[in-house]
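New notebook page. I'm opening this one up and writing down what I look up as I go.

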Amino acid sequence: MNNYLLETTDFTALKTEIDKIIKSEEFTDALTSTYDAKELQLENALEDLDTYGFLSDKKVIIINNIDGINQEDEEKNLKHLYKYLENPNPDNLLIITASKLNNTLKVTKELKKKMKYSSVEINPENFIKNELKDYTLESGVIKLLVEYCKNDITKIENECKKLKTFNYETKKISKQDIEELVIEKLGDEQELTFSFSRSLAEKNKKEALRKYKELLDYQIEPIAIVGLLASQIRIIYQVKTLSNQNLSPYDIAKMLGEKSDYRVKKTKELIRYYSEQELLDLMKTLSDMDIQMKTTDMDPNSLIELFILNI
């Protein structure tokens with residue numbers, strides 16, 4: 001069955017996975033056509049699927065952004081697509097992509113049922129090792145580069161090119177090179193909250209205050225930051241208790257409703273810093289802070305800064 005449904009927010013990871021699929025399915029020499037579901041090109045893609053190629057029997061057809069489709073407007077075309085998937089042409093390799101699928105929608109359910117689904121991820125550390133394999137790396141370079149790029153493979157790839165060009169003659173890359181050449185990417189709320197939680201776990205007050213300021217720069221209100229932090233501490237507690245039952249990251253992710261085990265693996269890095277009781281105490285403290293912010297005139301910033309200084 002040459003029908004693949006790929007979910008990822010990273011362009012480089014997606015491109016790498018598509019290239020791998022085309023090679024493994026032996027469609028390397030086939031003509032490739034790309035369509036965008038957001039731009040109402042689904043009808044054109046379906047016509048391509050239903051017709052034979054002129055120069056070659058084999059065809060690769062890629063439909064991007066299926067998560068952006070309007071189900072009502074495209075109902076007829078979607079029914080056509082579902083029917084095709086029930087009896088696909090073996091000379092076609094169909095790849096449908098999405099940034100983030102809504103599992104409650106019919107289109108997602110139908111496609112996952114009829115296609116090979118994969119949430120596309122690339123291990124950033126392994127990617128960097130491969131990209132910089134001809135260079136000598138100072139200890140800590142890979143970890144720092146991942147941190148600066150927030151696991152964004154596309155950004156990592158671009159920064160590796162920059163680092164290789166700058167250090168072409170010496171063939172050596174240091175942490176100072178990262179600090180001076182790589183522009184640190186601002187992460188999303190979840191990434192920043194995780195970094196904030198790591199700083200708190202490591203009792204690094206200076207770094208925790210800096211991460212708190214970053215969250216404020218995102219124009220996130222202090223009361224919302226307390227909520228995000230409480231959610232992160234809750235996840236750490238859940239992962240810690242489930243890990244004590246010898247469950248794998250995959251099983252834990254499934255129990256917590258995560259689409260992959262990446263967040264669980266990252267969270268496991270923090271569980272060693274806390275006992276279960278400390279996590280329960282933190283959740284109680286954050287709950288009390290939430291109530292104080294909502295019911296008193298105390299300055300929310302001062303409450304959070306005091307919380308950080310008392311870790």
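Which residues is Lys211 in contact with, leaving aside its neighbours within four places in sequence? I looked, keeping in mind that this is a predicted model. The list reads Glu184, Ser195, Phe196 and Ser199.

**Entry: Lys211.** I checked where Lys211 sits, and it lies in helix H10. Next I wanted to know: is Lys211 buried or exposed? Its relative accessibility is 2%, and the cut-off for buried is under 20%, so Lys211 counts as buried.

**Entry: H10 and H15.** Which residues make the contact? On the H10 side I wrote down Lys205, Ala208, Leu209, Tyr212, Lys213 and Leu216. On the H15 side I have Asn301, Ile304, Glu305, Ile308 and Leu309. Sorted by class, this contact has 7 nonpolar, 1 polar and 3 charged residues.

**Entry: H3 and H4.** I then turned to another helix pair, H3 (residues 75–86) and H4 (residues 106–114). How do these two run relative to each other? Their axes cross at roughly 15° and come within 10 Å. Angles under 35 degrees count as roughly parallel, so H3 and H4 are roughly parallel to each other. For the hand, I noted that H3 passes H4 in a left-handed crossing. H3 brings Leu78, Leu81, Tyr82, Leu85 and Glu86 to the contact, and H4 brings Lys106, Val107, Glu110, Leu111 and Lys114. By class I get 6 nonpolar and 4 charged residues, with no polar ones.

**Entry: Gln232.** Last stop was Gln232, which lies in helix H11, residues 222–243. At 2% relative accessibility, Gln232 counts as buried. What does Gln232 touch, not counting residues up to four places away in sequence? I found Thr193, Phe194, Ser197, Arg263 and Thr267. I also looked up how far Gln232 is from Asp10, 222 residues apart along the chain, and their C-alpha atoms are separated by 24 Å.

Conventions:
Residues numbered from 1 in each chain as written. Predicted model: local features only at pLDDT ≥ 70, side-chain atom pairs only at ≥ 80, totals over all residues. Heavy atoms only, no water. Axes fitted to C-alpha atoms, helices over the stretch in contact; angles between N-to-C directions. Helix = DSSP H or I, 4+ residues; strand = E, 2+ residues; numbered from the N terminus. Parallel < 35°, antiparallel > 145°, perpendicular 65-115°, else oblique. Left-handed = near helix turned anticlockwise from the far one by under 90°. Contact = heavy atoms within 4.5 Å. Nonpolar A, V, L, I, M, F, W, Y, C, P; charged D, E, K, R; others polar. Buried < 20%, exposed > 50% of the residue type's maximum accessible area, 1.4 Å probe, protein only.
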